[in-house]
Amino acid sequence: MTVAILGGTGDLGYGLAVRLAHAGITVAIGSRDAARAADAAARVGGGATGAENAVAARDAEIVIVTVPFAAQVATLSGVVDALDGQVVVEATVPLATAIGGKPTRTVGVWAGSAAQQAQEIVGDKARVVSALHTVSAASLADLDHVLDEDVLLCGDKKADKDAVAALIEQIKGLRCIDAGRLELSRIVEQLTPLLISINIRHKTHAGIRITGV
């Protein structure tokens with residue numbers, strides 16, 4: 001399997017690339033700047049490659065979007081023509097930093113959530129599953145850090161969520177929980193600013209764990 005990570009030069013995307021490549025997954029890092037993507041891929045190692053976003057997405061079975069909310073529309077609009085039935089994993093959160101606000105706040109999204117907005121943009125070219133909103137980028141990038149947390153998945157097709165779970169659980173210490181349909185992303189995305197607030201107050205990189213499942 002080849003996994004494309006759009007925004008792979010950013011903190012979350014790079015951390016994911018490090019962990020997935022370490023797990024033996026073929027990773028293609030995407031960026032608006034192919035040279036920056038190639039540089040990030042060289043630092044990741046493990047056979048990772050770097051390319052412009054659309055090129056990275058074209059040959060990938062799963063495409064993970066890790067760009068800031070302010071760049072989401074432009075990024076997805078730029079790769080739509082390269083999509084052909086893939087699953088798009090949307091990790092974008094509508095943080096208020098997109099409009100100069102605080103990272104502990106979010107902005108309203110006309111579609112209901114960033115993930116639902118992504119589905120509106122890609123249409124029938126791909127199917128969106130939201131995930132990875134509560135995993136620390138710093139923890140992912142540090143291979144010496146032992147992960148032990150859950151990842152909430154939202155999507156409208158169980159088979160797509162199963163495929164995403166199978167990928168994410170290649171990262172040791174991450175367990176995926178089916179949290180429901182894509183519309184539940186509007187709730188899950190709000191956990192990110194909550195965890196940011198916790199992390200600031202307690203100087204940590206907190207995650208979440210769902211009990212009883």
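Two strands are taken to pair if DSSP finds at least two bridges between them. Strands (E, at least two residues) and helices (H or I, at least four) are DSSP runs, numbered from the N terminus. The model is a predicted one: local features need pLDDT of at least 70, side-chain atom pairs count only at pLDDT 80 or more, and totals for chains, interfaces and linings use all residues. Residues are numbered from 1 along each chain as its sequence is written, and side-chain values use heavy atoms, with hydrogens and water left out.

Eight strands form an open sheet of mixed pairing. Their order is β3-β2-β1-β4-β5-β6-β7-β8. Strands β3 (49–52) and β8 (174–178) are the edges, each pairing on one side only. Direction ignored, neighbouring strands are turned by 30° against each other on average. Strand β2 (residues 26–31) runs parallel to β3, with four bridges between them. Within this pair, Ile29 is bridged to Gly50 of β3.

Helix α7 (residues 158–168) packs on the sheet. The helix touches β1 (2–6), β4 (62–65), β5 (86–90), β6 (126–130), β7 (149–155) and β8; contact means heavy atoms within 4.5 Å. The direction of α7 makes about 155° with that of β7. Axes are lines fitted to C-alpha atoms, for helices over the stretch in contact, and angles run from 0 to 180 degrees between N-to-C directions.

The largest nonpolar core holds 38 residues. Such a core is a set of buried Ala, Val, Leu, Ile, Met, Phe, Trp, Tyr and Cys residues joined through side-chain atoms within 4.5 Å. Buried means under 20% relative accessible area, exposed over 50%, and partly exposed in between (1.4 Å probe, protein chains only). Leu20, Ile64, Leu132, Val151, Leu153 and Ile168 touch the most other members. Helix α1 (residues 11–22) gives the most to this core, with seven residues. Apart from this core lies another, of 22 residues, including Leu6, Ala56, Val88 and Ala118.

No disulfides (pairs of cysteine sulfur atoms within 2.5 Å) are present. The sulfur of Cys176 is 11 Å from the closest cysteine sulfur, in Cys154, and is therefore too far for a bond. Cys154 is buried at 0% relative accessibility. Cys176 is also buried, at 12%.

Val188 lies in helix α8 (residues 185–188). With 7% relative accessibility, Val188 counts as buried. Beyond its neighbours within four places in sequence, Val188 contacts His133, Leu152 and Cys154. Ile200 is twelve residues from Val188 in sequence and 20 Å away in space, C-alpha to C-alpha.
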